[in-house]
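The following report describes selected features of a protein model. Please consult the sequence and the structure as each section is read.

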Amino acid sequence: MPTTLADLTTLRLGGPAKHVVTATSSEQIVSALCRADELGKPSLVVGGGSNLVVSDTGWPGVVVLIRTEGIASTRVGDLVTVTVQAGEVWDTVVATSVRNGWSGLAAMSGIPGRTGATPIQNVGAYGSEVADVISSLSVYDRETREVSSWSPAQCGFGFRTSAFKHTDRYVVLSVTFSLTVSPLAPPVRYAEVARRLGIEVGEVAPSADVRDTVLELRRSKGMLLDADDHDTWSVGSFFVNPFVAPDAVPDGCPHWTVDGQVKLSAAWLIENAGFTKGYGTKKVAVSSKHTLALTNRGGASTAQLLDLAREIRAGVEARFGVRLRPEARLAGVEL
C-alpha cells in the first residue's frame, strides 16, 4: 500500500506520496534532493509533519523524510555548544538539555516536530525562541549544490519567520546551539508560566520546573500530541499573530510591541469574530481547548479544513479589518 501524507502529518490529512526517500544522513538528504532536481521532480522535505498541510491529491514527486540523528556537545567553562542533526525530535533535544543541565531550551518544551524545522519559522513559546540560542547552522543550497555554515545573521530571524520560510532553496542539515551550563532556566518572560511557578516575571527557576510547567500548559491547550485526543490532530497554531499599526488595535484586543510594531492576539481576534472553541462541523473544527488550532475530528479532508480556515479568515477581516495569514506550511494547496 502506498504511503499517504496523512501517515506523515500531525493533521492526519493529505493524499498519496508517490515516492518516499527516508534519509538517515546528511549525505542522503543532499543526494535525494540532487537526484530529484536533476530529474525535474518536485520534492517535499518532511520532518515531523507538525506544521504541514498537504493536498488531498497528495504529492506528485519525491517526499524526503528527514530522519538523521545525533546530539554532540562541547563544553568550555560555563558554556556548552550543542550540535543537533536535523532529524532529531525537538522535544528529545529539550529533554536532553534539561537532564544535562544545559540552560536555554526549557521554555520550548513540548513543541512537536524535528530540530531541522525549528529555525525555519524561528519556533518559540512562552517568551523564548530558537533564535535566542542558535549559534550556527549547516545548510544545503539547492541552487549552488553546496553545503555551508550559516551564522544567525544570515538566517534573517524574525517573529515566526526566517530566510528559510518562504523558499525551498535551502535545507537545514544540522543546528548548533550555544547554551549555558546551569540548572536554572533563563529569566521567565511569560506571565502565566511565572504565576504557575510562583515567581515574578523576570525571575529564574530550575529548568526542570520550567519544563514541567510548560508541558502542563501545552497539554491543557491541546498542544501536546496525543493520538487519542482530536484536539491535537492539528498543526498547532494555524494562523500567526498579526502585526498592525498602533492606531489599528481593536478595542480590548491583547497586544504587544515588538521591534516597534504592534502584535495582536490572533486567538482573541478569532474568538471575538464569532469562531469560538469547538466551532465547525463533525469533521473539522476549532479546537475545544485552543482557538488558534484547527483540528481534524476524524474522517476529514484537507479541502474541508481549508474551507474552515477561509471562513475564519474572512470573518476576522470583516469584523476587525485584519487579514490573518497561515503559520502552517501549505503544500500543493492555497488558502
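Which residue of S4 is the bridge partner of valine 45? The partner is valine 64.

## Basis of the model

The model is predicted; local features require pLDDT of at least 70 and side-chain atom pairs pLDDT 80 or more, while totals for chains, interfaces and linings use all residues. Residues are numbered from 1 along each chain as its sequence is written, and side-chain values use heavy atoms, without hydrogens and water.

## The parallel sheet

An open sheet of three strands has the order S1-S4-S2, with parallel pairing. Strands S1 (17-23) and S2 (43-46) are its edges, each pairing on one side only. On average, neighbouring strands of this sheet are turned by 25 degrees against each other, direction ignored; the axes are lines fitted to C-alpha atoms. S2 is joined to S4 (residues 59-66) by four bridges. Strands are DSSP runs of E with at least two residues, helices runs of H or I with at least four, numbered from the N terminus. Two strands count as paired if DSSP finds at least two bridges between them.

## Helix H1

Helix H1 comprises 14 residues, 26-39, and reaches 20 Å from its first C-alpha to its last. This is close to the expected 20 Å, the expected span being 1.5 Å times one less than the number of residues. Ser26, Ile29, Val30, Ala32, Leu33, Cys34 and Ala36 of H1 are buried (under 20% relative accessible area, with a 1.4 Å probe and protein chains only). After H1 comes glycine 40, with a positive phi near 70 degrees.

## Antiparallel elements

S5 (residues 71-76) and S6 (residues 79-85) run antiparallel and are joined by six bridges. Serine 73 has valine 82 in S6 as its bridge partner. The two strands S5 and S6 form a hairpin with two residues between them, and glycine 77 in the turn has a positive phi of about 65 degrees.

A further open sheet has three strands in the order S13-S15-S14, with antiparallel pairing. S13 (243-244) and S14 (255-258) stand at the edges with a single partner strand each, so one side of each lacks a neighbour in the sheet. Four bridges connect S14 with S15 (residues 261-264), and histidine 255 stands opposite leucine 264 in S15.

Terms used:
Buried < 20%, exposed > 50% of the residue type's maximum accessible area, 1.4 Å probe, protein only. Axes fitted to C-alpha atoms, helices over the stretch in contact; angles between N-to-C directions.
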